[in-house]
Amino acid sequence: MSIDSRQVAAGMLEAVPFARTLGFEFVEVAPEAAGGVRAVVRLPDSPATHNHVGGPHAGAMFTLGETASGAVVLAAFGQLLDRAVPLAVSAQIAYRKLALGPVRATARLGRTPDEVIAELDAGQRPEFPVEVEISTEDGTPTATMTVIWTLRPNR
């Protein structure tokens, strides 16, 4: 699988203006083993996104994780946009440690693209998880998140 990370970043920033508002930086969008996809998105440190204890606001961290998961979905299934619309179905986040400074969300596709596409080809509306770890720049994990996505067939 070949991924144009600049095209994915531009597509995400176009489709999700709030990601531009928060100043997200797309660090990496890359293939992984067995057809997987990984995306890393960074939230720079800014007083505009801080909470009452000086770290990134929980809402900014949630949006960071959801955006990274969306980049994974766009990279894995962007070629299907004429057939299906990707939609987030649900999300769970667990805040584990206070984050200070810039944070990064690393998202990974939870199923192979081939499995998901086979379900879509069979007339189903596939659902699949994208697992996200949010960490400080030195790699200290601060939150984990799972976003369940679907590909809604165009009718």
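## Why the labels fit: a guided tour

The chain exposes about 7,800 Å², and carbon and sulfur atoms supply 52% of that area; accessible areas come from the Shrake-Rupley method with a 1.4 Å probe, and for residues only the protein chains shown count as cover. This is a predicted model, in which local features need pLDDT of at least 70 and side-chain atom pairs count only at pLDDT 80 or more, while totals for chains, interfaces and linings use all residues. Residues are numbered from 1 along each chain as its sequence is written, and side-chain values use heavy atoms, with hydrogens and water left out.

Visitor: What makes the radius of gyration of the chain agree with a compact globule?

Guide: The rule, taken over C-alpha atoms, is 2.2 Å times the number of residues to the power 0.38. With 155 residues this gives a value near 15 Å, and the chain has 15 Å, so the two agree. Along its principal axes the C-alpha trace spans about 50 × 30 × 25 Å.

Visitor: Why is Ala 30 called buried?

Guide: Buried means under 20% relative accessible area, exposed over 50%, and partly exposed in between (1.4 Å probe, protein chains only). Ala 30 has 12%, so it counts as buried. Ala 30 sits in strand β1 (residues 25-31), and its contacts (heavy atoms within 4.5 Å) beyond four places in sequence are Ile 3, Gly 36, Val 37 and Arg 38.

Visitor: What makes strand β5 mostly covered?

Guide: Seven of the 10 residues in β5 (residues 127-136) are buried.

Visitor: How do you know that β5 pairs with β4 and with β6?

Guide: Two strands pair if DSSP finds at least two bridges between them. β4 (residues 103-109) and β5 have seven bridges in the antiparallel sense, with Arg 108 opposite Glu 131. β5 and β6 (residues 141-153) run antiparallel with nine bridges, and there Phe 128 stands opposite Trp 149.

Visitor: Why do Arg 42 and Glu 25 count as a salt bridge, and what does the pair tie together?

Guide: A salt bridge is a side-chain nitrogen of Lys or Arg within 4 Å of a carboxyl oxygen of Asp or Glu. Arg 42 and Glu 25 meet at 2.8 Å, N to O. Arg 42 lies in strand β2 and Glu 25 in strand β1, so the pair ties together parts 17 residues apart in sequence.

Visitor: Why is Val 53 called partly exposed?

Guide: Val 53 has 45% relative accessibility, so it counts as partly exposed. Val 53 forms a nonpolar surface patch with Leu 98 and Leu 100, with about 280 Å² of accessible area together. Patches take residues with over 30% relative accessible area and no salt bridge, joining like charges within 9 Å and nonpolar side chains (Val, Leu, Ile, Met, Phe, Trp, Tyr) within 5 Å.

Methods: Helices (H or I, at least four residues) and strands (E, at least two) are DSSP runs, numbered from the N terminus.
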